[in-house]
Amino acid sequence: MINASHTESQETVDSPSMLNRGLGVGSIVFMVVAAAAPLAVVTASIPIVIAVSASTAAPQFFLVAMIVLALFSVGFTSMSTYVPNAGAFYSYIQCGLGRHIGVGAAALALGSYAVMLLGLYAYLGVATSALLTTVHVGVPWWASALGWISLVGILGYRDIELSSKVLGVLLIAETLAVVLVDIGIISGGGAAGLTLEPLSPKAFATGAPSLGLMFGFFSFIGFEATAVFRNEAKDPDRTIPRATFIAVVFIGLFYALAAWAVVTGLGTDNAVGVASAEPEAVVQNLARSYVSPILTDVIQVLLVTSFFACVLSFHNVITRYQFTLATKGLLPRTLAVIDRRHRTPSRSSLTFTAISLTAMIAVGAAGWDPITQTYMWCTGASTLGLVALMAMTSLAVIVFFRNVEGGPSRWHTAIAPGLSFVGLTAVLLLVIKNFPLLVGSTTTALVLGGLVAAIFISGALVAERVRRTRPEKYRALPQD
């Protein structure tokens with residue numbers, strides 16, 4: 001804990017220009033790809049995609065998601081040079097669709113990322129306790145989660161470049177583990193020979209491709225956070241667009257290759273049945289069969305570090321969101337405090353660490369199941385919120401550039417954003433239709449769906465209250 005004298009000498013409330021501007025393309029890519037948790041997606045999500053879609057076309061689902069999100073990134077990054085603000089979704093939606101909707105989007109973004117992080121902490125706690133059990137050390141899942149929250153808080157308070165270096169090391173390790181499995185399956189010829197059948201139109205038309213696409217999109221959540229680090233990028237007008245496209249393409253191709261390898265390793269005739277019967281063990285069993293039993297143990301360890309990298313990345317995203325909203329007067333000014341030594345939004349980081357600790361203690365005391373309740377509820381609600389925000393952002397880009405003369409081409413300002421808006425709206429409708437499946441029951445879906453809507457509405461009401469009571473602050477909110 002930092003004492004008062006240190007706070008006064010080392011921290012100040014100032015403009016975002018005081019933040020450390022040392023992040024390059026690679027550092028930002030590491031952070032946003034780490035937020036996507038590649039190893040966790042390959043080991044947990046790819047078998048689920050195969051199982052729920054009852055299809056071997058999993059590689060195609062990830063490629064379609066990559067294309068739609070690349071189209072989204074065209075407008076997203078084009079607007080970033082006109083809106084030099086680290087608020088990302090909030091800033092773009094506000095400039096395109098108005099202050100009330102923008103502040104509602106700010107509340108929804110902050111709430112979505114926050115509950116996502118809570119769910120991830122719960123899963124990380126379970127994975128850590130399970131790993132410790134293998135060496136005969138018994139630790140409750142909630143205690144493991146509290147330990148990780150504390151470590152994330154320490155790293156989050158420090159220089160952002162330290163977090164990016166930690167994330168870079170962990171990301172390389174988990175990526176290599178997946179690549180080794182891919183190479184083992186390819187060199188081993190798969191279960192029945194190497195085949196391109198998972199990439200065929202016939203495979204795509206089999207089963208329930210809409211469910212496969214929906215879960216495929218979930219695996220990209222976090223890539224859009226590139227713009228949140230705008231204030232700490234070396235050359236934001238070039239760094240942010242490059243990092244965004246690299247992150248989308250890398251994630252998409254990486255997942256597509258891994259999904260093809262998993263299907264090939266299981267065999268196209270057996271993949272759906274095996275993935276449905278024991279999804280949590282599919283990749284570990286493939287590692288054991290095609291590479292070495294040692295790699296199975298390594299993957300179990302790296303799965304924990306993958307989730308740690310994910311929570312550290314999301315903590316940094318939330319910290320920057322809070323900081324940006326505080327500089328705009330939408331959150332307490334104290335959250336805009338910058339540490340002079342580390343040049344980070346230190347007070348925002350400490351505040352959210354305290355919130356995370358309190359929330360995890362409350363979840364543990366309530367006796368909620370960490371996976372079937374905490375993780376499913378939180379990630380389901382956050383996914384609904386974030387997909388809605390991406391759809392709104394695509395629309396905001398189109399509206400914004402209608403009033404800009406001499407801007408980018410129509411491809412950047414209307415065609416690509418329009419296509420992404422159609423695609424993301426379709427995904428949003430899929431999420432709403434299948435929301436009970438995501439969160440466990442219809443009752444839970446109604447409660448959480450109502451909560452997501454209430455968060456957005458509360459933000460819009462805050463904007464209206466500011467307009468009525470503090471019109472000068474309302475007018476100061478950027479809208480061009």
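## The enclosed cavity

Leu39, Val42, Ala177, Val178, Val181, Asp182, Ala258, Val262, Val283 and Ile299 line the largest cavity of this predicted model. The volume of this cavity is about 50 Å³, and the count of cavities of 30 Å³ or more comes to one.

Three helices, H3 (38–53), H8 (160–188) and H11 (236–266), each contribute at least two residues to the lining of the largest cavity. Helix H8 provides the largest share, four residues. By class, the lining of the largest cavity comprises nine nonpolar residues, no polar residues and one charged residue.

## The largest pocket

The largest pocket has a volume of about 1,200 Å³. Its lining consists of 44 residues, of which Ala44, Ser45, Ile48, Tyr123 and Tyr375 are the closest to the centre of the pocket.

Helices that each supply at least two residues of the lining of the largest pocket are H3, H6, H10 (209–218), H13 (282–290), H14, H16 and H18 (435–439). The lining of the largest pocket divides by class into 31 nonpolar, ten polar and three charged residues.

## The second largest pocket

The second largest pocket holds about 380 Å³ of space. Gly111, Ala114, Val115, Leu118 and Cys378 lie nearest the centre of this pocket, which is lined by 23 residues. In the lining of the second largest pocket, 17 residues are nonpolar, six are polar and none is charged.

Helices H6, H15 (346–366), H16 and H19 each supply at least two residues of the lining of the second largest pocket. Helix H6 gives the most, with eight residues. Helix H6 also figures among the helices that each supply at least two residues of the lining of the largest pocket, as does helix H16.

## Thr374 in helix H16

Thr374 is placed in helix H16 (residues 370–401). With a relative accessibility of 1%, Thr374 counts as buried, because the cut-off for this class is under 20% relative accessible area.

When residues up to four places away in sequence are not counted, Thr374 touches Leu118, Gly119, Ala122, Val363, Trp368 and Asp369. One of these contacts, Leu118, is also among the residues nearest the centre of the second largest pocket.

## Aromatic pairs

The structure contains 18 aromatic pairs. One of them is formed by Tyr113 and Tyr321, with ring centres 5.8 Å apart and planes at 45 degrees, so the pair is tilted. This pair links distant parts of the chain, as Tyr113 lies in helix H6 (residues 99–133) and Tyr321 in helix H14 (residues 293–327), 208 residues apart. Tyr113 counts as buried at 1% relative accessibility, and Tyr321 likewise counts as buried at 1% relative accessibility.

A further pair is formed by Trp148 and Phe308; the ring centres are 4.9 Å apart and the planes stand at 35 degrees, so this pair is tilted. Trp148 in helix H7 (residues 141–157) and Phe308 in helix H14 are 160 residues apart, and the pair therefore links distant parts of the chain. Trp148 counts as buried at 18% relative accessibility, and Phe308 counts as buried at 6% relative accessibility. Elsewhere, ring pairs link Phe62, Phe220, Phe250, Phe254 and Tyr255 into a cluster.

## Salt bridges in helix H19

The structure holds two salt bridges. In one of them, Glu464 pairs with Arg467, and the closest N and O atoms are 2.7 Å apart. Glu464 and Arg467 both belong to helix H19 (residues 442–469), where they are three residues apart, about one turn of the helix. Arg467 is partly exposed, its relative accessible area being 36%.

Glu464 also forms a salt bridge with Arg468, for which the closest N and O atoms are 2.6 Å apart. Both Glu464 and Arg468 lie in helix H19, four residues apart, about one turn of the helix. Arg468 is exposed, with a relative accessible area of 63%. Through salt bridges that share partners, Glu464, Arg467 and Arg468 are joined into one network.

Note on methods
Residues numbered from 1 in each chain as written. Predicted model: local features only at pLDDT ≥ 70, side-chain atom pairs only at ≥ 80, totals over all residues. Heavy atoms only, no water. Salt bridge = Lys/Arg side-chain N within 4 Å of Asp/Glu carboxyl O. Buried < 20%, exposed > 50% of the residue type's maximum accessible area, 1.4 Å probe, protein only. 1 Å grid on protein atoms, 1.4 Å probe; cavity = no way out; pocket = protein on both sides within 12 Å on 5 of 7 lines; lining within 4 Å. Points joined across faces, edges and corners; volume = space filled by probe spheres on them. Nonpolar A, V, L, I, M, F, W, Y, C, P; charged D, E, K, R; others polar. Phe/Tyr/Trp six-rings, centres within 6.5 Å; stacked < 30°, edge-to-face > 60°. Contact = heavy atoms within 4.5 Å.
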